[in-house]
Amino acid sequence: MISIIGAGPAGSHLAYLLAKKGHEVNVYEDHKSIGNPVQCTGLVTDSINQIMKVPEKVIVNKITGFKVFSRNNSVEINFKKPNIVLDRMKFDRHVAEKAEDAGAKYFLNHRFETCKINKENVEFMANNKIFNTDYLIGADGPFSQVAKSANIYNKRKFMIGIQARVTLPVENPELIEVYIGEGYFGWLVPEDKNIARIGTASYKNSNFFFKSLMTKRAPNVKIREYQSGVIPMFDPKQKLQNGRVFLIGDAACHTKNPSHGGIIQGLIASQFLTKAITENKNYKRLLRPLRRELRYNLFIRKVLDKLSENDLDKLVYLVKKTNVKNILETYDRDYPSQLIFKLLINEPRLISFVKYII
């Protein structure tokens with residue numbers, strides 16, 4: 001028996017992979033329905049299709065590029081392959097349905113409380129009932145109660161994301177707008193010509209930055225709904241396992257922190273954890289390729305966090321250079337190891353920004 005706490009994409013994809021291998025899998029979800037509440041922009045690169053085929057029914061829009069705005073500069077980057085804007089509720093339910101079809105069982109309205117790790121199994125409590133399982137997986141988000149109960153929570157750092165779905169005329173519905181400034185990161189992701197997702201992420205003063213961007217970019221618009229969530233920062237020292245208890249996804253802080261996405265990273269971790277359990281492999285060792293990419297992402301985030309408004313203007317100006325743009329347009333941002341050194345070699349002036357964290 002394998003028990004997974006959390007029915008997000010990482011937990012459900014893990015359930016699907018393990019059930020396909022013939023394991024008995026139970027998924028316990030705190031909420032009464034899968035995919036709700038939505039706490040994510042739902043933007044992923046085309047590389048998700050290397051992991052699972054995304055059906056058209058869960059795709060809201062396809063994006064061909066993004067335009068970055070600093071205080072006084074802007075630059076447009078085009079993708080080789082379109083990015084995908086997901087309907088997160090439909091996507092989460094699609095992944096869960098695949099897991100159920102493979103044999104996994106789902107238990108909604110089941111709140112995980114605590115666990116006891118034994119040599120041969122794990123006892124855990126949910127809804128005041130005691131369950132026994134061979135393995136317990138925490139896929140229960142950034143404040144993972146599984147991680148806390150298993151003493152592998154560590155010290156965590158977060159950003160706060162606030163987003164609104166708004167009615168707004170969008171000139172180019174295939175182009176994302178990205179806003180960078182001291183202390184925050186903002187976005188406008190079109191769903192179509194009339195609806196967009198606009199939001200910000202910041203370490204503090206989250207309401208201030210969100211209201212500021214709304215005033216600047218979308219004043220007096222109709223708010224369809226508000227969405228918010230906590231974004232964990234990747235920590236190379238984060239513990240991922242204690243005996244028969246493992247962490248994946250946001251519960252393991254598997255997020256790429258320049259853009260704060262984590263869907264694809266959680267799906268990749270699910271593949272590695274499946275291999276670790278079914279083949280008795282070392283989970284942390286298998287995760288090395290993913291963790292290497294997340295380290296590069298963390299490095300980029302730390303550089304950006306140290307830059308002033310003037311520095312960010314200079315950075316955007318340098319990105320306008322054709323050789324830099326070509327690299328950014330050629331390589332997948334989910335794999336920064338493929339592009340970071342090429343950027344530094346082709347535009348040595350970028351090295352001047354690295355000095356802020358050395």
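Please keep in mind that this is a predicted model.

I start with Ser3, which stands opposite Leu136 in strand E10. Ser3 also stands opposite Asn26, and that residue belongs to E2. E1 pairs with E10, residues 135–138, in the parallel sense over four bridges. With E2, residues 25–28, E1 again pairs in the parallel sense, over four bridges.

Which way do the side chains of E1 point? In a regular strand, side chains alternate between the two faces of the sheet. In E1, residues 2–5, Ile2 and Ile4 point one way, while Ser3 and Ile5 point the other way. All four of these residues are buried.

Next, His110. This residue sits in the loop between strand E6, 105–107, and strand E7, 112–117. Is His110 buried or exposed? Its relative accessibility is 16%, and the cut-off for buried is under 20%, so His110 counts as buried. The His110 side chain reaches the backbone oxygen of Leu108 at 2.8 Å. Leaving out residues up to four places away in sequence, His110 touches Tyr28, Glu29, Asp30, Asn127 and Phe131.

Last, the second largest pocket. It holds about 290 Å³ of space. The lining consists of 13 residues, and those nearest the centre are Lys157, Met233, Phe234, Leu298 and Lys302. How does the lining of this pocket divide by class? Eight of the lining residues are charged, five are nonpolar, and none is polar.

That is what I have for today.

Terms used: Residues are numbered from 1 along each chain as its sequence is written. This is a predicted model: local features need pLDDT of at least 70, side-chain atom pairs count only at pLDDT 80 or more; totals for chains, interfaces and linings use all residues. Side-chain values use heavy atoms; hydrogens and water are left out. On a 1 Å grid over the protein atoms alone, a cavity is a set of points where a 1.4 Å probe fits but cannot get out, and a pocket is an open set with protein on both sides within 12 Å along at least five of seven lines; lining residues have an atom within 4 Å of a point. Grid points are joined across faces, edges and corners, and a volume is the space filled by probe spheres set on the points. Ala, Val, Leu, Ile, Met, Phe, Trp, Tyr, Cys and Pro count as nonpolar, Asp, Glu, Lys and Arg as charged, and the others, Gly among them, as polar. Helices (H or I, at least four residues) and strands (E, at least two) are DSSP runs, numbered from the N terminus. Buried means under 20% relative accessible area, exposed over 50%, partly exposed in between (1.4 Å probe, protein chains only). A polar contact is a pair of N or O atoms within 3.5 Å; within protein, one must be able to donate a hydrogen and the other to accept it, and residues adjacent in sequence count only if both atoms are side-chain atoms. Contact means heavy atoms within 4.5 Å. Two strands pair if DSSP finds at least two bridges between them.
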